[in-house]
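Take a moment with the sequence and the model. The paragraphs after them lead from the overall fold to single side chains.

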Amino acid sequence: MSSKCIYEGHMGGLYTSDEPLEYEALYCEEFGDSDWPISYVETRDEAWELLKDDTGVNSSGGWDYGYIQEFWGNWEE
């Protein structure tokens with residue numbers, strides 16, 4: 001996996017960027033809100049360590065485990 005910056009969108013959801021994004025790219029003028037960086041990671045294991053405490057299983061709260069699995073699937077190795 002190549003290094004990624006993980007962001008949480010102001011409307012929900014996670015996305016990545018290969019390079020850190022400037023604030024202007026994160027800000028949504030329509031809603032007066034912005035996305036925010038979570039972290040920069042080099043491996044899926046690092047990403048999992050970062051997100052696992054906020055990932056729920058069987059609707060236990062946090063990011064849905066299935067969503068996180070789909071999120072991983074969008075990353076190139």
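Keep in mind that the model is predicted. The protein has three helices and seven strands. Along the sequence they come in the order β-β-α-β-β-β-α-β-β-α. Along the principal axes, the C-alpha atoms fill a box of roughly 35 × 30 × 20 Å.

Next, the surface and the interior. The protein has 77 residues, and 30% of them are buried.

Now go inside. Which residues make up the largest nonpolar core? There are nine: Ile 6, Leu 14, Val 41, Ala 47, Leu 51, Trp 63, Ile 68, Phe 71 and Trp 72. Two elements give two or more residues each to this core, helix 2 (44-51) and helix 3 (65-73). Helix 3 supplies the largest share, three residues.

Aromatic rings come next. The model holds six aromatic pairs. One of them joins Trp 63 and Tyr 67. Their ring centres are 5.6 Å apart and their planes meet at 20°, so this pair counts as stacked. The cut-off for stacking is an angle under 30 degrees. Trp 63 is buried, at 17% relative accessibility. Tyr 67 is partly exposed, at 26%. Phe 71 and Trp 72 form another aromatic pair, and this one is tilted. Here the centres lie 5.8 Å apart, with 45° between the planes. Both partners are buried: Phe 71 has a relative accessibility of 5%, and Trp 72 has 9%. Ring pairs also link Phe 71 and Trp 72 with Trp 48 and Tyr 65 into a cluster.

How many salt bridges does the whole structure contain? The search finds two. In one, the side chains of Asp 18 and Lys 4 meet at 3.0 Å, N to O. Lys 4 belongs to strand 1 (residues 4-8), while Asp 18 sits in the loop between strand 2 (14-17) and helix 1 (23-26), so the bridge ties together parts that are 14 residues apart in sequence. Lys 4 is buried, with a relative accessible area of 9%. Asp 18 is partly exposed, at 46%.

The other salt bridge joins Glu 49 and Lys 52, at 3.1 Å from N to O. Glu 49 is partly exposed, with a relative accessible area of 48%. Lys 52 is also partly exposed, at 33%.

Turn now to a serine. Ser 34 lies in strand 4 (residues 33-34). Is Ser 34 buried or exposed? At 14% relative accessibility, Ser 34 is buried. Leaving out residues up to four places away in sequence, Ser 34 touches His 10, Tyr 23, Leu 26, Tyr 27 and Cys 28.

Cys 28 is buried, at 16% relative accessibility. Cys 5 is buried as well, with a relative accessible area of 5%. The count of disulfides in the model is zero.

Terms used. Residues numbered from 1 in each chain as written. Predicted model: local features only at pLDDT ≥ 70, side-chain atom pairs only at ≥ 80, totals over all residues. Heavy atoms only, no water. Helix = DSSP H or I, 4+ residues; strand = E, 2+ residues; numbered from the N terminus. Buried < 20%, exposed > 50% of the residue type's maximum accessible area, 1.4 Å probe, protein only. Salt bridge = Lys/Arg side-chain N within 4 Å of Asp/Glu carboxyl O. Contact = heavy atoms within 4.5 Å. Disulfide = S-S within 2.5 Å. Core = buried A, V, L, I, M, F, W, Y, C linked by side-chain atoms within 4.5 Å. Phe/Tyr/Trp six-rings, centres within 6.5 Å; stacked < 30°, edge-to-face > 60°.
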